[in-house]
Every structure is written in C-alpha cells, then in structure tokens.
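Here is a friendly walk through one protein and its ligand. Keep the viewer open and follow along as you read.

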Amino acid sequence: MICTRSLSYRYTAGATLRFPDVDVPQGVTLLLSGPSGCGKSTWLALMAGLVRPTTGQLTVAGQSLAALDAVATDAWRASSIGFLPQKLHLSAALNVRQNLALAQWAAGLAENRAAIDAVLAALGVAELAARRPAQLSGGQAQRVALARAVLHHPKVILADEPSASLDDEAAANAVALLLATARAQSATLVIATHDARVAAQLAAEAPATGLQRLQLLRNPS
Ligand code: ADP
Ligand code: MG
C-alpha cells in the first residue's frame, strides 16, 4: 500500500517537484509515467525512503516514513521494499549467487542459500548462478537484479525504467515477469517508465481492477 499527501521535493539549486496524491491499495500495480526529467526516479526514491520529502507525508507498506530515523528507515527498506534500479548495480567481481548473498547481508539477514536458489529458479535463471554479471545478456542481468529485489518478499516493488535499453521481446518479458512476481508475492508494484510499449502492455496484461496511473508533467525548470 502507498499513500501520499502534498508531496514535494526540491534538489539543492533545483526547481521544486510537486507530486499528485496517490492511494494505491496492496497488490495493485501503479504505472508512473511522464517525460524524461518529470520526477519519476525522484518519486521512487521518496517511496523507498532514500530521500526525505521537502513537504508532505507518505505511508508505504503500512509505515509512515516521517516516524523513522535513518537507521530505522534502512531496516524498514531492507524488509519491505524491493528496488529494481534503472542502472542495475550488480557487483562485477561476484557471481550471481554471491550478488544475492551480498543483498541478504546488506539487509541484515543471515545468508540463506535455499532462498537464493528458489528465487533464481522462479525467475528462470537458476543455471546462471555461477556466472558473473559480464557473462550475462541485458535481459538476463535484469532478471538477476529482479531476483535480488524480491529475494526477501517485499510488500512493495519499485521498478525504474525496466525496459530501458531492452529490445521489444526482452522489454515485454521484463514487464511480464514483474507482473507475475508481484502477483505471486501479493506485492504492490510500481513501474516508472516513459516507454509507450510498457504502458500498452500494462493496460493489456495488468488485472483489470488492479492498475492505477500516475502521470507526472514536465517540471517547471
Ligand atoms: P525522471 O526519472 O522522470 O527522468 P528525475 O526524478 O530523475 O526524473 O529528475 C527530475 C528532475 O530533477 C529533473 O529536472 C532532474 O534534472 C532533476 N534532478 C534529478 N536528480 C538531481 C540531483 N541530484 N540534483 C539536482 N537536480 C536533480
Ligand atoms: Mg528516471
């Protein structure tokens, strides 16, 4: 569940980004769209508690973020949020399984090999477990990053431009996989995109009652 009121964010020396209020029930998919530079990535960073709003309130996965200090925010994010960043940030020195173990460690969890193997299998990349990121295709690397994002069964999955730099088939697969994963985990899914292919696919494939839209406008600066 995501609930925001009067949210705005101002980068140092930047224009103020103002965001419409949303109420997204648990399990619903939100299509966050708008032109490049309108504030989609910033909105995701606010939802993940990576930055604090300049004004307004937000409740994400049942938690009012204003009530948390920095340490509690990190712990909350580690348990409740799955983040699929636009730039995947897989560690080049580690293989796929080690990248997921690193994520467990960063989240303060004990290494759980069974959980890693289960999520890799669920996303169809079990056979890639011993490979390093440089040995993966773009679509494979994105599956691994998604596996890392949902390893801990987060209540909210945030995906930033998941189709960027993917061809039509890989982009469609990425979106289908996000929808299936969110459904399997009963998670709320947010997909930020300026890609018309993704918007069309969500309109066609997201459950009829389970899709909301938040369209951001080009910011004033
Ligand atoms: P989108 O993801 O929709 O492309 P962003 O959230 O990345 O948009 O950016 C929104 C606006 O904030 C843009 O005008 C961008 O230039 C500005 N911006 C983003 N990051 C920073 C930053 N670290 N410092 C200053 N301005 C920023
Ligand atoms: Mg962005």
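The report below goes from the overall fold to the ligand site and then to a few single residues.

## Overall picture

Please keep in mind that this is a predicted model. The protein has 7 helices and 10 strands. Its radius of gyration is 17 Å, close to the 17 Å that the globule rule gives for 221 residues, so the protein is as compact as a globular protein of that length. If you want to set up a box, the C-alpha atoms fill one of roughly 45 × 40 × 35 Å, taken along the principal axes.

How much of the protein counts as buried? Of its 221 residues, 47% do. The accessible surface comes to about 10400 Å², and carbon and sulfur atoms account for 55% of that area.

## The ligand site

Ligand 1 has 11 residues around it, and those that come nearest are Gly 37, Gly 39, Lys 40, Ser 41 and Thr 42. Which element gives the largest share of this shell? That is helix α1, spanning residues 40-47, which contributes 3 residues. By residue class, the shell divides into 4 nonpolar, 6 polar and 1 charged.

Backbone atoms are worth a look here. A polar backbone atom of Gly 37 is 2.7 Å from an oxygen atom of ligand 1. For Ser 41, a backbone N or O atom lies 2.9 Å from an oxygen atom of the ligand, and for Cys 38 the corresponding distance is 3.3 Å. On its own, ligand 1 has 560 Å² of accessible area, and the protein covers 59% of it.

Thr 42 is among the residues that come nearest to ligand 1, and its place is in helix α1. Is this residue buried or exposed? With a relative accessible area of 6%, Thr 42 is buried, because the cut-off for that class is under 20%. Leaving out residues up to four places away in sequence, Thr 42 touches Tyr 9, Tyr 11, Leu 17, Phe 19 and Val 51.

## Two loop residues with positive phi

Most residues other than glycine have a negative phi. Ala 61 has a phi near 50 degrees, a positive value in a residue other than glycine. Ala 61 lies in the loop between β5 (55-60) and β6 (63-64), and it is buried at 12% relative accessible area.

Glu 161 also has a positive phi, near 50 degrees. You will find Glu 161 in the loop between β8 (156-160) and α6 (168-184). Its relative accessible area is 8%, so Glu 161 is buried.

## Ala 176 in helix α6

Our last stop is Ala 176, found in helix α6. At 31% relative accessibility, Ala 176 counts as partly exposed, because that class lies between the 20% and 50% cut-offs. Aside from neighbours within four places in sequence, Ala 176 is in contact with Gln 201 and Glu 205.

How values were computed
Residues are numbered from 1 along each chain as its sequence is written. Chains are lettered from A and ligands numbered from 1 in the order in which they are written. This is a predicted model: local features need pLDDT of at least 70, side-chain atom pairs count only at pLDDT 80 or more; totals for chains, interfaces and linings use all residues. Side-chain values use heavy atoms; hydrogens and water are left out. A residue is near a molecule or strand if one of its heavy atoms lies within 4 Å of it. A polar contact is a pair of N or O atoms within 3.5 Å; within protein, one must be able to donate a hydrogen and the other to accept it, and residues adjacent in sequence count only if both atoms are side-chain atoms. Accessible areas come from the Shrake-Rupley method with a 1.4 Å probe; for residues, only the protein chains shown count as cover. Helices (H or I, at least four residues) and strands (E, at least two) are DSSP runs, numbered from the N terminus. Ala, Val, Leu, Ile, Met, Phe, Trp, Tyr, Cys and Pro count as nonpolar, Asp, Glu, Lys and Arg as charged, and the others, Gly among them, as polar. The radius of gyration is taken over C-alpha atoms; the globule rule is 2.2 Å times the number of residues to the power 0.38. Buried means under 20% relative accessible area, exposed over 50%, partly exposed in between (1.4 Å probe, protein chains only). Contact means heavy atoms within 4.5 Å.
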